[in-house]
Amino acid sequence: MSNVEYKPAEKVYIQLVRPDSSVSWGFRLQGGIDFSTPLSIQSINPGSVSERCGLKPGDAILSINNATSDAMTHDEAKAEIMRSGDQIIMLVE
Amino acid sequence: TFTAWCNSHLRKTGPQNQIENIEEDFRNGLKLMLLLEVISGEHLPKPDRGKMRFHKIANVNKALDFIASKGVKLVSIGAEEIVDGNVKMTLGMIWTIILRFAIQDITVEELTAKEGLLLWCQRKTAPYKNVNVQNFHLSWKDGLAFCALIHRHRPELLDYYKLSRDNPLENLNTAFDIAEKYLDIPRMLDPEDMVNSAKPDERSVMAYVSSYYHAFSGAQQAETAANRICKVLKVNQENERLMEEYERLASDLLEWIRRTRPWLENRTTDNTLPGTQRRLEEFRDYRRKQKPPKLEDKAKLENSFNTLQTRLRLSNRPAYLPTEGKMVSDIANAWKGLETAEKGFEEWLLSELQRLERLDHLAQKFRHKCEIHEEWAAGKEEMLRSGDFRKCRLNELKAMKKKHEAFESDLAAHQDRVEQIAAIAQELNSLDYHDVATVNTRCQRICDQWDVLGQLTIKRREGLEEAERILERIDQLHLEFAKRAAPFNNWMDGAKEDLRDMFIVHSTEEVQGLADAHEQFKATLGEADKEYATIIGLVQEVQRLGQQFGITPPDNPYSTLHAQDISNKWSEVKQLIPHRDAMLQQEMMRQQNNERLRRQFAAKANVVGQWIETQLDAVASIGVTGRSSLEEQLKKLQQFDKAVVAYKPNMEELERYNQEVQEAMIFENRYTQYTMETLRVGWEQLMTAIARNINEVENQILTRDSKGITEAQMNEFRMSFNHFDKNHTKRLEPKEFKACLISLGYKIRDDKQGEADFQRIMSIVDPNRTNYVTFDAFLDFMTRETADTDTAEQVMQSFKILAGDKPYITAQILRQELPADQAEYCIQRMAPYTGRDAVPGALDYMSFSTALYGESDL
């Protein structure tokens, strides 16, 4: 059981930009409505694009590119991210 | 010449008396006396018949005395010389005789004798240009003068224009021959002598020419005498003609007067202006054309008469006496009479014309007035007779009334005119107008019509007033109708609605209530009926009034409702009442039936429900206490299961009851709290609970067996579980579970992350997402905590080992290491590995692993 420190939750827009699709974002997506867990960032690879862009492990994804991700399945969310190409805007909490 | 001359006279007495020798044959004086007698036409005294000298001298003296008595002075001519035969004396005497009796008497234009004769010759030969008589010698040499003289008097005797002076001999001969042959003038001259001598003997020529004179002038005298006779006769004839003419003219004139006068005295006319004008025309014609000639005739007559009288008087005839009645006086009288008649006629005619003109004018006036009146009156009768006011509305009627009033004034105004017309007709009558019959007829027609108009006007007025009254009454009725009909109509509409109202009732009380209301309503019908009757009565009254007075009642302006609508609706309402009665009855029965069904159902439901609850409780209580073993619980549960199965028929029966209830459209049942649904649910719950509990127990047994948990541990877990299972459902709701976890020391944050964690936990304990945590899931979770959990990492590690530390795995390896179906499962689901070090057929086990746990590396 992860023992994460208490932090007040704030909603933030994170813009992820990578030079091209050969560079991975560097985060692990977890959750989805089909897993009954909220869509969130499980972990961030150190020195990755996503770390540089400000994404933190434990961030709950509220929307991907203005599409709310509350009701997305894991695969749908994954697809949305991959469809976004080299630039994603995510609303996270 | 002298001889010839004498003989020309003597032979008249007989050829024996001619002389042969002028010197001898007159010696006895007998032939001399004879000659004188012949040439003078008078008787001499009787000659002495003796042969003695003195007898001869006496005879010659008688002759000489005679000559002297004729105014001839015989100078130195004595009887003796003659008796003695003195040639010179004898010739001289003969010449004197010739001169005296042949020439001296010649009087031509107051010139006598020789001059006269000469003038005569000149006169007679004047037309002949180649003759110029200037004397009695040379002028006669070429003979043309003689010819001219002959030709002048007797042109048929010679063709003068063939003669020329170049043939004097011929001319002379011709003349002498003709004179001798036709004029009884013997030759006295010798043409040869004439031609040859330088100057013919004047006396001879004179003597011969004088014969011509006497012959012609004798002829002329004869002519003159004839002329005179003619003249006289002519005068006579003329006179007679004049007399005749007079007579004729007189009788014509008188006849004409006789004819004309009555015509002028005819003072009758056809009494028409044109006729009289025609007569005036005739009169004018008479004056201009007929009378003037007659006037002329009269004048002519008078003149003729005067002329005649004068002529007669001048010619010493007796005066002319016209026949009886044709006297001048008669004519004058007749004429006067004519003129008198004429004058009177003209006067009369003019006055008649005047009269007729006036009459005509009057008649014209009459006609004009009649026309105007008739024009005005045209159509009035029709209009007055028209029953139009019987068909109109009240306001129209009032307008008509006003119009009629106006007409009445107009009529009054026209009274005057009609009287005028009658007056003129009267006058025309008294003045004896020729066409008075037409006038009278027309006047009568107008007057009759006038009377009729008057009557009709009155009638119309009465009609209008009556109609007005009736329409007002009708209007009132209409208003009343409107006032009553509308609310009644509304009431009826309401009643209809109510009566038709589809009620949905669910109880007999409700039905009864409706039935009661209906009864109440029926009670009001009596009043309603009365109201209805009143309303209809109003309409009927209107109709009746209309019929009675022959008026078409107008439509009701106050209401759009018709009696018919009201009637229809009323009968509908009336029909609906028993209908509703029936309906209510029907419904009542139905409700009663429903009640029965309800009870039936309720009775059963209560029993079954109770039983189910009991069972449920019983089932729930199993294992609650924690005293019995799992196996014992299981056995008990199985027993319950059997009991439930045995009890099923009851449910089925209940279902049937329920169907009945539902079919009867019963939606509530106060006899039971249980609905079929709740019972079904309960039943299913029961069944499910039993099944689940069995399952749980079995799972617990399994878990216990697999995990090696002791009974005591099991009980402990059960106690905790039951503690948080506040509502005894043998399951934990997420809230209960969360509380439980917290109580067990789990930190679950109060935010999204905390929630996420909790959700993750939930997904583990409740993979089927039933939103409940069963005991064995709970148990499982609690006992799992200490064991290793498979995570995505671990799975990934496992794959990595299999893949020989490579980041990808091949199908071949999978098939090698895993059971066939799981290998295929992986092959199918693994995505191709796309790393730089990829080989054909490389599969990405990492994303697969994470995906299993709902995790993706991006």
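Is Glu342(B) buried or exposed? Glu342(B) is buried, at a relative accessible area of 3%; buried means under 20%, exposed over 50%, and partly exposed in between (1.4 Å probe, protein chains only). The views below come from a predicted model, in which local features need pLDDT of at least 70, side-chain atom pairs count only at pLDDT 80 or more, and totals for chains, interfaces and linings use all residues. Residues are numbered from 1 along each chain as its sequence is written, chains are lettered from A and ligands numbered from 1 in the order in which they are written, and side-chain values use heavy atoms, with hydrogens and water left out.

**View 1. Chain B as a whole.** Chain B holds 28 helices and 8 strands. Helices (H or I, at least four residues) and strands (E, at least two) are DSSP runs, numbered from the N terminus. The chain has 858 residues, and 43% of them count as buried. Take the contacts in chain B between residues at least 6 apart in sequence: 72% join residues at least 24 apart. A contact means heavy atoms within 4.5 Å.

**View 2. The annotated span 232-259 of chain B.** An unreviewed UniProt entry lists residues 232-259 of chain B as "coiled-coil region". UniProt positions follow the numbering used here, feature names are shortened, and annotations may be inferred rather than shown by experiment. In the model this span is 100% helix and 0% strand. Its end C-alpha atoms lie 39 Å apart.

**View 3. Glu247(B) and Lys326(B).** These two residues form a salt bridge, with the closest N and O atoms 3.5 Å apart. A salt bridge here is a side-chain nitrogen of Lys or Arg within 4 Å of a carboxyl oxygen of Asp or Glu. Glu247(B) sits in helix H11 (residues 202-265) of chain B, and Lys326(B) in the loop between helix H12 (273-314) and helix H13 (328-377), so the pair ties together parts 79 residues apart in sequence. Glu247(B) counts as buried, at 16% relative accessibility. Over all chains, the rule counts 54 salt bridges.

**View 4. Arg287(B) and Glu342(B).** The two side chains meet in a salt bridge, 3.0 Å from N to O. Arg287(B) belongs to helix H12 of chain B and Glu342(B) to helix H13 of chain B, so the pair ties together parts 55 residues apart in sequence. Arg287(B) is partly exposed, at 36% relative accessibility. Glu342(B), by contrast, is buried at 3%. The pair is part of a network of salt bridges that links Arg287(B), Lys291(B), Glu339(B), Glu342(B) and Glu346(B).

**View 5. Glu405(B) and Arg461(B).** This salt bridge has its closest N and O atoms 3.9 Å apart. Glu405(B) lies in helix H15 (residues 394-430) of chain B and Arg461(B) in helix H16 (residues 436-500) of chain B, so parts 56 residues apart in sequence are tied together. Glu405(B) is partly exposed, at 33% relative accessibility. Arg461(B) is also partly exposed, with a relative accessible area of 23%.

**View 6. Asp565(B) and Asn489(B).** Asp565(B) is found in helix H18 (residues 563-621) of chain B. At 34% relative accessibility, Asp565(B) counts as partly exposed. Asp565(B) and Asn489(B) are 76 residues apart in sequence. In space they are 8.9 Å apart, C-alpha to C-alpha.

**View 7. The surroundings of Asn693(B).** Asn693(B) is part of helix H20 (residues 676-707) of chain B. Asn693(B) is buried, with a relative accessible area of 5%. Leaving out residues up to four places away in sequence, Asn693(B) touches Val619(B), Leu637(B), Thr688(B), Glu698(B) and Lys730(B).

View 8. The contact takes 24 residues from chain B and 29 residues from chain A. Across this interface the rule finds 0 salt bridges.

View 9. H23(B) supplies the largest share, 8 residues.
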